[in-house]
Amino acid sequence: MFLNQSAIALMQKRTSVRTYEKKPVDSEKLDMLRSFFETACENPFDAKVRFDIVEGGSGKLGTYGFIKGAKVFFAGCVKKSGYDIEGFGYAFEKVVLYATALGLGTCWLGGTFKRASFTALMKPGKDEIMPAISPLGYTAEKKTLTEKMVAAGAGARKRKRFGELFFDGDAKTPLFIEEGQLKSCLEMVRIGPSASNKQPWRVVRKGDALHFYLALDKHYAGNTMYGFTMQRIDMGIAACHFELAAKELGFDGRIVFDESQIMADSKADNWTYSFSWC
Ligand SMILES: Cc1cc2nc3c(=O)[nH]c(=O)nc-3n(C[C@H](O)[C@H](O)[C@H](O)COP(=O)(O)O)c2cc1C
């Protein structure tokens, strides 16, 4: 629940917003977001994340024309560690959902923003990475042509089918399950945002446990251009969505790291083990 709103409903409502009204964001809402940052930063990946709100207008701060009308952004940094990028993704997505509950639009930006101008404001330390930022604002009724083109290019609303992401017992057998808590939690993973909408999440059910893997796209430039693997963020988003849905629906379990589960056949498919739910 965020502000008495169902997390599942917020995950269903969230969509990338690239065109904003000129109206400034209420300072009360920004204060509420600032107070939420501390809670959002707690994550099962032990990553040390920090967030801040930065102002300056999309023109001044630089989003290469991809974002229109936003004057306020939130940005995050994470200390380098084993699961830093996943932890960052998990925490950042919580802020995104909280902003959604506040009636604010957001858009994950990992690539199309001028890192230098945000670096000057966030001042990441030598041991920190600034993986992504997001505009904050009220969604404009009319989308710009750029927004329509970017969204169409990424096939924004499209998602892979359930059986392409979720597997039973091994990495090849699609998972068929009845409607219920587990299906709803996995569905929340499926509708999540991901870099270039590549949806690299793969989940294998084994007994009562679920093992989450990253199907890395080796040809995706975002994974090599910025000094970190962008698609690892998507795994953090999956963890956030699954855990929030599980909590809301009373589905037992927690995020654990069980590297003994790395399967021989997953390696053949170029999957990298990320975390488990059991
Ligand atoms: C890690 C990450 C990085 C992203 N980077 C960008 C970006 O640089 N520019 C952009 O316009 N959208 C970016 N997006 C937004 C995705 O394109 C978007 O989430 C995806 O197409 C699905 O659309 P939806 O968010 O409307 O559901 C990014 C999303 C994620 C999760």
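A salt bridge, as I use the term in these entries, is a side-chain nitrogen of Lys or Arg within 4 Å of a carboxyl oxygen of Asp or Glu. I note at the outset that I am working from a predicted model.

**Entry: salt bridges in the chain**

I then turned to the domain assignment, which gives domain 1 as 7–148 and domain 2 as 162–277. I find the C-alpha centres of the two domains 23 Å apart, and I note that 23 residues of domain 1 are in contact with 27 residues of domain 2. How much area do domain 1 and domain 2 bury between them? My entry for this is about 2,200 Å², with 70% of it on carbon and sulfur atoms. On the domain 1 side, I see that Ile8, Met11 and Tyr83 lose the most area to domain 2, and that together they make up 25% of what that side buries.

**Entry: polar and charged links between the domains**

I looked next for charged pairs, and the count between domain 1 and domain 2 is two salt bridges. I also looked up Asp84, which forms a salt bridge with Arg232, the closest N and O atoms being 3.1 Å apart. Across the interface of domain 1 and domain 2, I have eight residue pairs in polar contact, both residues of each being at pLDDT 80 or more. The elements that give two or more residues to the side of domain 1 touching domain 2 are α1 (7–13) and α4 (84–101), and I note that α4 gives the most, with eight residues. Sorting that side of domain 1 by class, I have twelve nonpolar, five polar and six charged residues.

**Entry: the ligand site**

Last, I looked at the ligand, which 21 residues surround, the closest being Ser16, Arg18, Gly111, Thr112 and Arg159. Which side chain has an N or O atom 2.8 Å from a nitrogen atom of the ligand? I find that this is the side chain of Thr112. For Arg159, I note a side-chain N or O atom 2.8 Å from an oxygen atom of the ligand, and for Thr15 I note a side-chain N or O atom 3.2 Å from an oxygen atom of the ligand.

Technical notes. Residues are numbered from 1 along each chain as its sequence is written. Side-chain values use heavy atoms; hydrogens and water are left out. Domain bounds come from an automatic or database domain assignment. Contact means heavy atoms within 4.5 Å. Buried area is the accessible area (1.4 Å probe) that two parts lose on being put together, summed over both. A polar contact is a pair of N or O atoms within 3.5 Å; within protein, one must be able to donate a hydrogen and the other to accept it, and residues adjacent in sequence count only if both atoms are side-chain atoms. Helices (H or I, at least four residues) and strands (E, at least two) are DSSP runs, numbered from the N terminus. Ala, Val, Leu, Ile, Met, Phe, Trp, Tyr, Cys and Pro count as nonpolar, Asp, Glu, Lys and Arg as charged, and the others, Gly among them, as polar. A residue is near a molecule or strand if one of its heavy atoms lies within 4 Å of it.
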